[in-house]
Amino acid sequence: MKISFVEPALPKSGTLVVGVAEDRVLTPAAAQLDSDHDGIVQRAIAASRFTGKRDQTLAILAPAALGFTRILLLGIGKPAELETTHLEGFGGAVVAALNTMGESEAAVDVAGFGPLGVTPAQAAAAVGFGASLRSYRFDKYRTKEKPEQKATLKRLAILTAAIAPARKAYGTLEKIAQGVVATRDVVSEPANVIYPESFAAKVEELRELGVEVEILDEKKMKKLGFGALLGVGQGSVRPPRLAVMKWSGSKNKDSAPVALVGKGITFDTGGISLKPGPGMEDMKWDMAGAGAVFGAMKAIAGRKAKANVVGVLALAENMPDGNAQRPGDIVTSLSGQTIEVLNTDAEGRLVLADALWYTQERFKPRLMVDLATLTGAVIVALGSEYAAVFSNSDELAERLQAAGKAVGENLWRLPLGDSYDREIDCDAADMKNISSGREAGSTIGAVFLQRFVNSVPWAHLDIAGTAWSKKDKSTVPKGATGYGVRLLDRLIAQYYED
Ligand code: BES
Ligand code: MN
Ligand code: ZN
């Protein structure tokens, strides 16, 4: 879908979208249509249940004299309470409504979408951004879609008096959207297409944006001592990889980077501790943490962020076969600490243990954030509205939560602590990879990871509930959400750029 920013004027074809505030208060564009055309807007509202609540829509056939097809009223709620994420939601709601109607082109007049803490240009750009995010589809494997099943909307014009600054603001948002799309694409791909080597090849494409990329293969990791990560990958015919991305956008190229680390299990069968069959197909998205880090690096490099950022992806496939690791195996991690692998399905923490240690030792980052679809328990606790954040730094946790709130990717903080940590003490090795019960499963995963983090500020985001959506949401169509990309991009933009 193509998005443009143009001077306010009545369109010649397609749909004109105008806003109506709560309690049927017309925005200037809606009031103009109403007075020029015999009360068409007010009469349509009176004949319906439309009141102007946020994201409500009501379609009206345009009078023949107008030349275009229809008017779409969009509820914008209480203007004084609008936030940027609401404006993005309007873009999303418009795209959803127009695709349902089979419309191919439309213009949205954003006059009156405020007042906000942002400029009219930023507001216009936000509507376009939301529209772009909602228009995502992963349909490359649908070769037999009927025309009525396809998305119809091809062009969306945002009508605004502030064209030049709106285009400029959108230019940055477009780079972020491209990062989100990159994440949704790799997460949506099945595991026969995206596996450690093919994912690494995708990462190498970021070189075009000026990202330095380095891929560690099995041989290299064996030599360095990645025993925990290699143990997870050894049951698969697809060998593991560690992908390292480096963006040096700060004036001081040598200043300590922000480090982002992602769990990239390209398929998680559970290994010898095999998962049950029903629903196992979902485990193709067990690389969504790595996907988010990949997309965030794309966004950050795309918009040329003035920050030093490294991204590290721990890529492996967790399969059961003759060479797979067994429950009870003891592996030596890169840190030198030994781990008794009591459950081969608790594999994300194993690959992250080595990736976190490597990142911390090699890059001496100012902070580390890891993202992982680590535990089913976090879905039980928080569902799909919030991801969990665990951190050894109140400041970092608060910054992540603030960034998440600003972009609509919410985080809820859960605890770490010594009493949890004791649960993974082990008789046979330095630690075991699961506790003995089912209590506090997400925290147990987090305290395990913490054993591979020294004093650097670190946060672990458990995104098992937010990486994939079963239903359409305002700017996020069902499927891979791209959760984390906007959050990480905002964290860096807000706190860690020159
Ligand atoms: N990838 C799973 C977690 C998961 C489950 C993500 C469902 C998304 C949806 C992870 O590797 C896993 O299997 N975790 C186990 C840990 C347990 C063995 C301690 C879990 O949550 O059951
Ligand atoms: Mn698992
Ligand atoms: Zn997993």
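A backbone N or O atom of Thr373 lies 3.3 Å from a nitrogen atom of ligand 1, a polar contact in the sense of a pair of N or O atoms within 3.5 Å, where a pair within protein must also join an atom able to donate a hydrogen to one able to accept it, and residues adjacent in sequence count only if both atoms are side-chain atoms. The model is predicted, so that local features need pLDDT of at least 70 and side-chain atom pairs count only at pLDDT 80 or more, whereas totals for chains, interfaces and linings use all residues. Side-chain values use heavy atoms, with hydrogens and water left out, while residues are numbered from 1 along each chain as its sequence is written, and chains are lettered from A and ligands numbered from 1 in the order in which they are written.

**Ligand 1**
- A polar backbone atom of Leu374 is 3.4 Å from a nitrogen atom of ligand 1, and an N or O atom in the side chain of Asp286 is 2.8 Å from a nitrogen atom of ligand 1.
- Around ligand 1 there are 17 residues, of which Lys275, Asp286, Asp345, Glu347 and Gly376 come nearest, a residue being counted if one of its heavy atoms lies within 4 Å of the molecule.

**Domains and their interface**
- The chain is divided into domain 1 (2-160) and domain 2 (176-495), with bounds from an automatic or database domain assignment, and the C-alpha centres of the two domains lie 38 Å apart.
- Contact (heavy atoms within 4.5 Å) links 14 residues of domain 1 with 21 residues of domain 2.
- The two domains bury about 1300 Å² between them, 58% of it on carbon and sulfur atoms, where buried area is the accessible area (1.4 Å probe) that two parts lose on being put together, summed over both.
- On the domain 1 side, Leu133, Arg134 and Tyr136 lose the most area to domain 2, together 47% of what that side buries.
- The rule finds 3 salt bridges across this interface, each a side-chain nitrogen of Lys or Arg within 4 Å of a carboxyl oxygen of Asp or Glu.
- Arg134 forms a salt bridge with Asp472, with the closest N and O atoms 3.8 Å apart.

**Backbone geometry**
- Gly114 and Pro115 are joined by a cis peptide bond with omega of about 5°.
- Asp38, although not a glycine, has a positive phi of about 65°.
- Most residues other than glycine have a negative phi, and most peptide bonds are trans.
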